[in-house]
Every structure is written in C-alpha cells, then in structure tokens.
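I opened the model today to look up a few things. My notes are below, in the order I took them.

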Amino acid sequence: MLKEWAKFKGFSAKNLPKEEPFAPGHRACQGCGEVLALRLALKALGMNVIAISATGCMEIISSPFPYTSWRVPWLHVAFENAAAVASGVEAALRALKRKGRFPRNRRVDVVAFAGDGGTADIGLQALSGALERGHDFVYICLDNEAYMNTGVQRSGCTPYGAMTTTSPPGKKSIGQMTWKKNVPAIAAAHGIPYVATATPAFFLDLMNKVKKAALVEGPAYVHIYSPCPTGWGTKGEDSITLAKLAVETRIFPLYEVIEGKYYITRKITKPKPVEEYLKRQRRFRHLTEEEIRKIQARVDAEYERLLRLAECL
Amino acid sequence: MGKRIAKEVSIAIAEAVKQCRVDVIAAYPITPQTHIVEHLSELVANGELDAEYITVESEHSAISACLGSVATGARTFTSTASQGLALMHEILFIAPALRLPVVMVVANRALSAPISIWNDHGDIMAERDIGWIQTFAENGQEAVDLVYHAFRVAEDRRVMFPAIVNIDGFTLSHMIEPIELPDQEQVDRYLPPFRPRYKLDPRKPLSMGPVGIPEIYTEAKKAQDEAFKNAYKVILKAWDEFEEVFGRRYRPVETYRMEDAEVALLIMGSLAETAMTAVDRMREAGKRVGLVRLRLWRPFPLRDFVKAVKGLKVLAVIDRALSPGATGGPVGTEVRSALYQVPGRPRVVNFIAGLGGRDVTVEDFEEMADRAYVYMKKKPKEPYEMIGVKE
C-alpha cells in the first residue's frame, strides 16, 4: 500500500472537497442514481484526474457538443473499450513522466467509467486485460442493471426476475431468467490490490472507497449500484431509499477486497425482507410469491458465501 | 549516412520505429506482423528503446489503447494484419475523427474464410473509408522510409490524422533485403518531437469524443474531410524534406517506362517489382507497355494520378482484393471513377490477382497486358476478370 493510503483519514461531512469536477446542467433523468454516483466519485478523486467514459448514459448526458459537464480532461472512444483506452492513457503518462515531458511528481489519477453492459458484457475482455496487466488506474462500474441508454434491455447485471425490454415477462418467462453476474468477484479473481462495492445512499463510504481505489498502486475496481428511475419504474425521489434498501436487504452488500482479503464494510445483522425492495419497483411487480421466495433464498445464500469469504481469509 | 546492410524488413521497420523514439506501443500478435512487434518488445526489454509496450489482449484493445496514449500526448505505434485489422474496424474510424495521429504498419494478409495467413490486400481494402492516411510500400527500404514519413506527416499540426503504412505480408515483411537505416541524428532532424495541439492534461482540461447531434454531425464530418484533403500538401512537402535529409525521393504516384506507353499496368505494393520485369520484357518485344504504382492511396492523389496516365489507351488495374458483386475491385472502381470526368481517358480494365498468397508471375503480368491490348479494340464483356484461376 502507498503512503498516501495510510495517511488518508477518510472523508467526513467536515472535510468534503469543495471542487465539483462534474458540472451541473447535464441531461440526466430526474432522480438518476448513476450521475450522482459519478459526481461523488469524481468529487472524491479531485481535479488531478484524466477520465475515460464508455459509451452510455453518462457519456451522452454529459457531452452534447458544444457543451460538456467535465471539468477534468475527459476522453470517450467507444462502448467496450474504456479499460483499454485507460490502459493507453496510463502507459502514456508513465512514459512521458519518465522522459521528462510531464511533471514527474504530479499525481494524476486515471479513471475509467462504464455502465454494467460496458463492464459485465461487451467490455469484460478489455477490463480483464487491463486488470491483468496491472495498469495503475481505477475502473468504476456504474451499475443500473440494464442497458438504459438504448431503452432498458437486459444485461449480464440485470437481476433475476427483472422486467426489461428484452427480458419481458410472459407466459413462458418470468422476466430475466438468469442471476446477476458477479463482476466484483471476477475483478477480485485477477488478484488486483483493491475491489469494492458502493452505493450513492452511503455517499461517504462511496467517496472513501473511490479515493482508496485511486491511492493503491495498480488496478482498482469499484462497483457502484446506481438506481435508475426510468429503467426500473421507480419514483425519482425514491432512488436513495432504494439504494439503501438494496444494502439493508443484503441484495447489494457493501464490501472491500483488499489484497485478496474480503472485508464487509456494512454488516447487515437484521436484514429486511427482499420483498420490501422488490415491491417498490415496476420491473419486479409481476413476480409471484414463489419467485420472491426464490430470490430471498438466493440472497441469503450469497450473503452467507460473502460472510464465509470475509471470515475465512 | 547509415550503412546499407541485409535485414529482414520487419526487423528494419521495428528499428525505424525505435529511431522515431516512440513512447508507447500497444500491439497484439498476428501473422505476418509478429516479427515487427517481437523485435520492438525485445528493444524495449533490452532498454534500447525507452517506451511502454502494452501487451493488450486483442487488436480492438490495441487500437483503443493507442487512442488513449496519443490523446495523452505520447508518440504511439501499433501494427497488425488481416483479422486483427478487421477487429480494429470500429475504432479505426474514431482515430481520425478525434484527430489522433497513431501510426500503424499493416502487414497485408487475406481475410478469412477460408482462413489464410498469406498476402493480399483484402484486409486493408475493407478499411478504405476509415479516414487514415494510407501508403503502400514496394520494397523494404521504402517500407522503412514510409514509417519515418508517416510519423512526420501524421503528427504535423496541420494534419493530425493517423497513418497506415501497408507492407505485403511475407513477400515483404519476411524478406531479407539490403536496407539502409539512417543515422539517429538524421531521423531527429527529420522528425521533431511530438507536440500535439490538444492533449489530456489536468492543467488544461478538455473533452474529447463528445456526442454529435444532427445539427453538428455533418459540419464535423465536413471539417474532417477538408482537413484530410489539405493533408495532401503536407504529405508531399514531407517527402521533399525527406529527400533533403535522406537523399531518397518519393512521390504519391510512381511511373515506370511510361514515356510513350499505350498500355499500362497499375498496381500497389511489392508486386510492382515483378511487374517491372514484365514491362522490361514486353518493351524488348516492342510493346509500348508501362507501369503506374500508387504509393499513396488515401488521400487519393487524383491530380498526380490523372497526369501519370495521360495519353494511355488502356489502363489495366490489378486489384489484390475482391469486392463481391461490385463493378470491379476496390482500386479498379476507384480509378474508373477518378478518370470518368477526364477527356480522352484510357479504357480501364480490371484484373483481380494474387489473392491469399497466390503468386503473380512475370508471365501473368504479360498476359494481363496482352488482354489489355485485346481490349484496346473491343470492350471487355465483364467489368473485371480474375487471373490465374484453376478451372
């Protein structure tokens, strides 16, 4: 771990950075949890950043030429290659610093943002390659659990049972028929120094994790649960409540994997039933009691597995 | 002046890339490009070349990493072939639109299926419209020289477009030829350090790669097209300066024995050397045959090309790629279109030859010229013919 990591005392209400690297006035939907997560992540990182975006909601809402929400240098190339583009930026910085063409002691954090589709599906190979090669960068997956930008199609991160436009419930389907892909576990399997999960409901926790991700040497992966009122059929004002419920029901547990060691950062000892989370969203309203029980059982088992990982290691 | 010594062309290209003092290389191995990137990784490993070598997991990531690297202000190189180039396809359009001057050597190879590692131009012709500067080398010396030129032109602030140097896979990439590598001092004189007008730097933030709504997309593309056409002058000037520094002269269109030619073969790449032998033989037999070679393919050297073919009766265009169901090979259709408005234009006949590593011999070229003579008097039945097909 770096010296800066040891020195980092964490953000609190008293020492929040004043800078807003991500400007207001963008075109995100009302109540968008993703843009909030993006703003908080950048706030944690500060102004000495080069940001790379995959194609997706955050890219289109922030950059309709000639406007931009990015007060830090920003590059968007395509959908599936944010991690590869970030690899190039990071390597270039390393070469330029070594050759004296960029101030050697100036710290610049390279951060790549992508949605769940750009991470779990089409961008998984580029992500894996970049993590394996050990580039010093932060990859942030802003997970709103479907392809929202193109009109709510299912992704590998869409949860079981959810209705999307390509996983519609019908006589022969309950909606999404597969369980959510565990991308943080895939990232951790690369043996990288830092992996974490976060949600904008616990915003200090989110900012601290993003900051720690930037402070480690080598690749870091942060998976941020990002409520999407438009895609989920929820009220704009409910986004934070839902993000909180996702944690309190153990559907989206908050944890870190530091040098391969799992730490649960918010233990949920008295979980709320998953139904409380599911019933607030139109995408789950078709689910039967039986399906909800199935989801509850899966959530319980997954949490058990996570507990074991956190204890055994 | 450097010494002229025998070297494998791929190795010489890697040495030239080293002399260009690249900062970042991102490449994925594919036959027949491998010797270039292997030698570059060796140079980096030995400390002879101070660069970051990113061993990406695919060509798609290779070109993506290159874009990130150039955008940050680093001189960047990559190389690929065939399927690898096809995998890059999506990103290839983005590089010139963002005005990111990556330099790439493509060791031209056929596209699958059937899978073939051997040479033709099918891979690069599928990338005709990507908006990169594209040149074709005839021999090892030219391949090396075009690399220096590519960096020089691409990074010029009046240009800022990526550039591809095409070399024929195996027939050029794996040949051992006498090649003169210049002194480092000469290269440094010719190629100034990369100082991009725009780059990603927190001290001066900017946004690259924004959304283009319908109100501005057309204007953005018009601006790109204008800038690309304007690059032509810089390309020529950079070749003039090349001559001053290195003593070798290059032009966008080469001609051979065209003085009083009535029939000419037109070709790109290394097959031109064989074609020259054929031209010599036909000249000895009293036929007024010449040769035109396009060194610069994009931007298309329209005026120089029209000048080169003036006075011809028949121009036989040899394509090393097939465009199924089209009115000709990619070069054939381009050339026909280029000449359409030219009064007294020669008849353009189109041959498809040398696909997937099929040898094109002196005799084949003689046959094509003979057919061209036949078509001087009567119109060909088909818009293009394939040469050397076993039936």
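These entries cover chain B as a whole, one of its sheets, one of its helices, and a glycine in chain A.

**Entry 1: what I am looking at.** I am working from a predicted model. I keep that in mind throughout.

**Entry 2: chain B overall.** I looked up the secondary structure of chain B and found 13 helices and 16 strands. Its radius of gyration is 21 Å, close to the 21 Å from the globule rule for 391 residues, so chain B is as compact as a globular protein of that length. I then took the box along the principal axes: the C-alpha atoms fill roughly 70 × 55 × 45 Å. Of the 391 residues in chain B, 54% are buried. I also checked the contacts with a separation of 6 or more. In chain B, 81% of these join residues 24 or more positions apart.

**Entry 3: a sheet in chain B.** In what order do the strands of the open six-stranded sheet run? I read E10-E12-E11-E14-E15-E16 in chain B, with mixed pairing. Strand E10 (253-256) and strand E16 (385-386) of chain B are the edges, each pairing on one side only. I noted the general point that strands of a sheet pair through backbone hydrogen bonds, either parallel or antiparallel. Strands E11 (residues 263-267) and E14 (residues 314-319) of chain B run parallel, joined by four bridges. I picked out one pair of residues: B:Ala264 has B:Leu315 in E14(B) as its bridge partner.

**Entry 4: helices across that sheet.** Helix H12 (residues 330-339) of chain B lies across E11, E14 and strand E15 (347-352), at about 150° to E14(B). Helix H13 (residues 362-377) of chain B lies across E11, strand E12 (289-294), E14 and E15, at about 140° to E14(B).

**Entry 5: helix H7 of chain B.** Is H7(B) enclosed or open? I count 14 of its 15 residues as buried, so H7(B) is largely enclosed by the rest of the structure. At 1.5 Å a residue, helix H7 (residues 140-154) of chain B should span 21 Å, and its end C-alpha atoms are 21 Å apart, which agrees.

**Entry 6: A:Gly31.** Where is A:Gly31 found? I place A:Gly31 in the loop between helix H1 (3-7) and helix H2 (33-45) of chain A. A:Gly31 has 19 other C-beta atoms within 10 Å. Buried would need 20 or more, so A:Gly31 is partly exposed. Leaving aside neighbours within four places in sequence, A:Gly31 contacts A:Pro229, A:Gly236, A:Glu237 and A:Ser239. I followed up A:Ser239: A:Gly31 and A:Ser239 are 208 residues apart in sequence, but 6.2 Å apart in space, C-alpha to C-alpha.

Note on methods. Residues numbered from 1 in each chain as written. Chains lettered and ligands numbered in written order. Predicted model: local features only at pLDDT ≥ 70, side-chain atom pairs only at ≥ 80, totals over all residues. Helix = DSSP H or I, 4+ residues; strand = E, 2+ residues; numbered from the N terminus. Buried ≥ 20, exposed ≤ 12 C-beta atoms within 10 Å, placed from the backbone. Contact = placed C-beta atoms within 7 Å. Pairing = 2+ DSSP bridges. Axes fitted to C-alpha atoms, helices over the stretch in contact; angles between N-to-C directions. Expected span 1.5 Å × (residues − 1). Rg over C-alpha atoms; globule rule 2.2 N^0.38 Å.
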